[in-house]
Structure formats: structure tokens, C-alpha cells
Amino acid sequence: MKAALATLTMICAATLHASPPQSGTHLLSPELRAQQVDAAANPGMLWVFEGGELWGDASVDRPKSCASCHGQAQDSMRGVAVQYPKFDADAGTLLNLEGRINRCRTQHQGAQPLPYESNELLALTAFVARQSLGMPMQVAIDGGAAPFHAAGDAFYHRRQGQLNLSCAQCHDSQVGQRLRGDVISQGQPTGYPAYRIEWQGLGSLHRRLRACSLGVRAVQFEYGSAPYLALELFLAKRAEGLPNETPAIRR
């Protein structure tokens with residue numbers, strides 16, 4: 001009997017992991033799905049439009065604009081966001097899109113880095129990511145990125161916090177189940193920065209990860225921290241092939 005139950009458990013687990021990747025969009029109501037794809041109705045587009053203004057803006061503290069080097073974003077930034085996080089050999093570390101934007105500011109624009117969750121960084125990140133709308137996620141996990149991906153994999157499967165839960169226990173094993181009136185998704189990071197109704201605003205993936213850490217009563221790491229960057233890379237690879245949806249709408 002025990003052997004049969006163990007076999008059944010293995011079959012169920014294999015079935016869950018074999019499920020095709022799906023973004024959280026498929027759990028939205030038809031009304032919210034329609035709102036997400038309508039640029040005139042999606043509230044996250046307010047940040048995208050602001051990012052477009054910042055892209056071409058030069059100021060006293062930032063004498064060179066993004067456009068000074070990169071020109072028209074719809075051309076130069078097409079396909080960029082779906083490759084992040086990415087290992088940067090010059091920096092010797094992993095950079096997500098926010099980190100790349102701030103590195104450009106400090107190295108090439110003579111400007112200060114923008115704080116995580118600031119409207120300016122959210123706007124620029126959303127604007128750059130929007131240029132890859134509909135393109136499939138395709139991050140690299142070889143070379144210098146390999147140890148970061150391994151660390152993210154370990155983080156995803158490690159039980160944490162007072163509730164002793166791992167990311168995988170919710171977003172692999174309990175997909176489709178209800179939690180506090182909501183349906184558990186696969187946790188795919190395809191639409192960030194995303195507009196979450198509970199936030200009434202745009203937020204980064206790391207804001208969502210911190211909320212998950214808080215939910216299981218685990219340590220909340222800082223925005224842009226190494227553990228969350230590694231997890232972001234693992235999640236991006238897990239979402240391989242799914243289209244970019246920035247800015248997505250989530251509940």
C-alpha cells in the first residue's frame with residue numbers, strides 16, 4: 001500500500017511539473033484580460049508613458065539621456081527585456097533590468113542610481129520592457145549566470161519561514177487551488193513591472209517576492225538583493241517561451 005501511494009505521489013508530481021507554463025493572465029476575469037491588452041485602459045501604461053518621457057529627457061543631474069546612446073527605444077530595446085536578468089561580465093555579477101538601467105545611469109550618464117520602487121525607475125523599466133511586448137522569455141543560464149541560476153533554483157525549492165513553505169509548494173504543487181479567496185498561479189514573472197489591484201499602482205517583481213516572503217513569515221531581503229536576483233533568474237528561465245506582457249494587470 002505504501003509503495004502504491006509513493007508511486008501515485010511521484011506520478012502526480014511529475015504531472016504537475018509537466019504542466020505547460022501559463023502566465024497569471026489566464027486566471028484573470030475576461031474584463032481584466034481585456035483591460036490588460038487595451039493600452040488606453042491598462043493603468044500600468046501611465047508609467048510606460050512617463051518612462052517614454054524620461055527616455056528622451058536630459059537634465060542638470062543627467063546631461064545625457066537614454067536616447068543619446070540608444071536612439072529610438074522601439075528599435076534599440078526590442079527584445080532586450082526578455083533576456084534579463086543577465087550576467088554582466090564587466091560588473092562580475094547578475095543584473096536585472098532595473099540594475100542595468102541604474103548601471104547605465106552611473107557609468108554613462110553621470111547620474112545617481114534611482115531607488116527601487118521609485119516612480120522614475122518603475123517608469124523606465126516598464127517603458128523598456130514594453131518594447132518587448134509579446135516576445136518570448138529567453139534568459140541565458142550558462143557561463144557566469146550558471147551559479148546564480150543554481151542559487152535561484154535552491155531558493156525556489158527551499159522551505160522557509162515560520163510556515164515552513166517553499167515557493168514550489170505553492171506555485172508547482174498547489175496551482176489552481178484557492179488561497180484567501182484568490183487562485184494560486186504558477187508565479188510566472190512575465191508582466192513585471194505589473195499593476196496590482198491590491199497595490200493600486202505599479203510594482204516590481206522584487207516587491208512581489210518580498211510580499212511572498214512576508215506571507216510565509218520568512219526573511220524579507222532588500223530590493224535588488226542577491227537572493228532575489230538569483231530567484232528572478234530562475235523564475236525567468238522557468239517562464240521560457242511565455243510572452244512578455246508588461247505591464248500586466250494582477251489582482
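1. A pocket here is an open set of points on a 1 Å grid over the protein atoms alone, where a 1.4 Å probe fits and protein lies on both sides within 12 Å along at least five of seven lines. Its volume is the space filled by probe spheres set on the points, with grid points joined across faces, edges and corners. Of its 44 lining residues, His171, Leu179, Arg196, Arg208 and Cys212 are the closest to the centre; lining residues have an atom within 4 Å of a point.

2. A word on the model you have open: it is predicted, so local features need pLDDT of at least 70 and side-chain atom pairs count only at pLDDT 80 or more, while totals for chains, interfaces and linings use all residues. Residues are numbered from 1 along each chain as its sequence is written, and side-chain values use heavy atoms, leaving out hydrogens and water.

3. Back to that pocket: H10 (205-215) is among the elements that each give at least two lining residues, and H10 provides the largest share, 8 residues. Helices are DSSP runs of H or I with at least four residues, strands are runs of E with at least two, and both are numbered from the N terminus. The lining divides into 21 nonpolar, 12 polar and 11 charged residues. Nonpolar covers Ala, Val, Leu, Ile, Met, Phe, Trp, Tyr, Cys and Pro; charged covers Asp, Glu, Lys and Arg; the others, Gly among them, are polar.

4. The second largest pocket has a volume of about 280 Å³. Trp55, His70, Met77, Arg100 and Cys104 lie nearest its centre, among 16 lining residues. Here H6 gives the largest share, 5 residues, and the lining has 11 nonpolar, 4 polar and 1 charged residues.

5. H10 also meets H11: their axes, lines fitted to C-alpha atoms over the stretch in contact, come within 11 Å and cross at roughly 105°. That makes the two helices roughly perpendicular, a label for 65 to 115 degrees on a scale from 0 to 180 degrees between N-to-C directions. Leu205 and Arg210 of H10 are among the residues in this contact, as are Tyr228 and Glu232 of H11; contact means heavy atoms within 4.5 Å.

6. Two backbone details deserve a look. A cis peptide bond joins tyrosine 84 and proline 85, with omega about 5°, and another joins threonine 246 to proline 247, with omega near -5°. Proline 247 sits in the loop between H11 and strand S7 (249-250).

Key: Angles under 35 degrees count as roughly parallel, over 145 as roughly antiparallel, 65 to 115 as roughly perpendicular and the rest as oblique.
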